[in-house]
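Let's take a walk through a protein model together. We'll start with some rings and then move on to a sheet.

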Amino acid sequence: MSQKPLTSPDFQSILAVRLSRRSTLKGLGLSGAAAVLSGCAGTIAASGRGQGMSASSTLTFKELPHALDAHFTVAEGYNAQVLVSWGDPLFADAPRFDPANQTEQHQLRQFGYNNDFIGFVPLPMGSDSSEHGLLVVNHEYCRSGMMFPGSPDELQLSEEQIKVNIAAHGLSVVEIKKQDNGQWRLVLDSAYNRRITPNTPMQMTGPAAGSQRLHSQYSTDGVKTRGTYGNCAGGVTPWGTILTGEENVDNFFGGDFSQSGEVENYQRFGMQEVFHSSWGLLDKRWDMRENPSEPLHVGWVVEIDPYDPHSVPKKRTTLGRYKHEGANVFINRDGRVVAYSGDDQQFEYLYRFISKGRYQPDNRKANLSLLDEGTLYCARFADNGSMQWLPLVFGQGPLNAENGFQSQADVLLDCRKAADLLGATPMDRPEDVEVNPVTGQVYVMLTNNSRRTEAQIDGPNPRAKNLAGQVLELTPPQGDHSADSFSWDLLLVAGRKGDAGTHYHANISDNGWLACPDNCAFDNLGNLWIATDGAEAFGVADGVWATEVTGDNRALTKRFLRTPMGAELCGPFFTPDAQNFFCSVQHPGDGSSYDNPKTRWPDFRDDMPPRPSVMVITKQGGGRIGS
């Protein structure tokens, strides 16, 4: 469905007023208000401070300079360990990785490709251990030309290579433990270790489960289903489960769907008749002509219990079907569960779910079904700094039979259409959404939107042809995340320091600017750590930047690490004590090939291609990351 342009006359004036108001409320000053009005770069000045960071800063690491090279580099005083890479064995009996002789059976026992989200849950369950736990990692997609000798195209793979490609998707669960020397290792004989793939048995739950629209050749009841793929970001629940978001699933399908009855839905999701993936050439499950309902089985948030390797993953339909970047859970003050998620596509929406039931700290079994009942909301923003959460409930407002909805299942299956009708605000690719554990405010990574026009700029999306993105801050009234109305602010507007439309702290260094915020994490002091995907288009490596979000150093971003060329940085995650920082290096060398790679990181061996890998960062001598 096409998007209606949002008009906002002379928005630069509105933005200047917003920033001026923020300076009054938060003790910050706007430097260069006239520059903002003329479309030039703006900065946020520290009150009563000289140049540089405040003496009270909690982020005292030496900033890493910008660069673009073949290596992974972290700030001085920190160690970076390659914890696990594509093809590494996850089980004691798994074969060693041999990229020239990879098979499906090998890949099913090895770490998957293109690791994205990382979740760490402590062992034993319920503890706050920061040196022993389970690592759960998403494997979003493959680049076959980077995986196999000869650099084959996606549609030129052999049957065995297609099977390897499929097996490299999904998730890996592996027990890890920190050693006396400070290094982490995989526990290969662990009973917890598991690969979850596009063929793993799963179950649909919630209002859409059993819908006639979900009945297919592979799911005759619309409840039993198979597999997860396109897994981007995710979240860890307070009861120790993992939420993984299925995002760009349209890329895996092909075939004529004109007779499917889902034309509007599939077109909106980006489905095409032409095959871009080899999967549908091997298995008609991904051929929409042969199996027209299969695409409705993906695009959900999947809940996985890593503590039970025999558990069946659940697709929680209450959280809606769209291109989930992830889902992050917060326990509201009344005990209800609040889950935030972004639909990662240009002009799509921001969502919130509130559970019907309440979290019970001492009843994990009851908590395991909390995401099956509740209300999903979409967000509508106003330029004056307010926002509304609009309930996506069948029978309310335009969500009725006249507009094609026959039940709540239809609302959730056609979530984007429902949000259109309610008047949600189209956003600049909402990706990771996280709650600050100290302040309770919500932060939204808006990566970019090159298609936004001058006529479509609005409060939270203040630039046309937005190539660099921004970070949005939402404040629930009195800390109540179930409130219908929040206030919003712009923490920063990304891009090169000094570029028109950017907004940072006045004292930002030449290395402190960032582009294309994607994933994020908070340490236990409430500092925001931002991972990027797209900075290479600005001539610098992707990586991680850290900033305080309150006080004199608010929006004073500092670069902490850099990826090898071609890679994005994703999945940032801290252990409970904030002394170990996990992150994913995805698709190193992207844009090149297996036979002629830009980099051979992390092995730097002629017989090894570049391998997506999980890193763990620790401070030399121990201590909190960032200090």
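Start with Phe-61, Tyr-78, Trp-529, Phe-560, Phe-574 and Phe-581, which form one aromatic cluster. Keep in mind that this is a predicted model, where local features need pLDDT of at least 70, side-chain atom pairs count only at pLDDT 80 or more, and totals for chains, interfaces and linings use all residues. Residues are numbered from 1 along each chain as its sequence is written, and side-chain values use heavy atoms, leaving out hydrogens and water.

What makes a pair here? Rings of Phe, Tyr and Trp (its six-membered ring) pair if their centres lie within 6.5 Å; planes under 30 degrees apart are stacked, over 60 edge-to-face, and the rest tilted. There are 27 aromatic pairs in the structure. The centres of the Trp-529 and Phe-560 rings are 5.1 Å apart and their planes are at 85 degrees, so this pair is edge-to-face. It links distant parts of the chain, with Trp-529 in strand 29 and Phe-560 in strand 31, 31 residues apart (strands are DSSP runs of E, at least two residues, numbered from the N terminus).

Six strands form an open sheet with mixed pairing, in the order 11-10-15-14-13-12; two strands pair if DSSP finds at least two bridges between them. Strand 11 (224-226) and strand 12 (231-236) are the edges, each pairing on one side only. Strands 10 and 15 pair in the parallel sense over three bridges, and Met-204 stands opposite Lys-315 in strand 15.

Terms used: Helix = DSSP H or I, 4+ residues; strand = E, 2+ residues; numbered from the N terminus.
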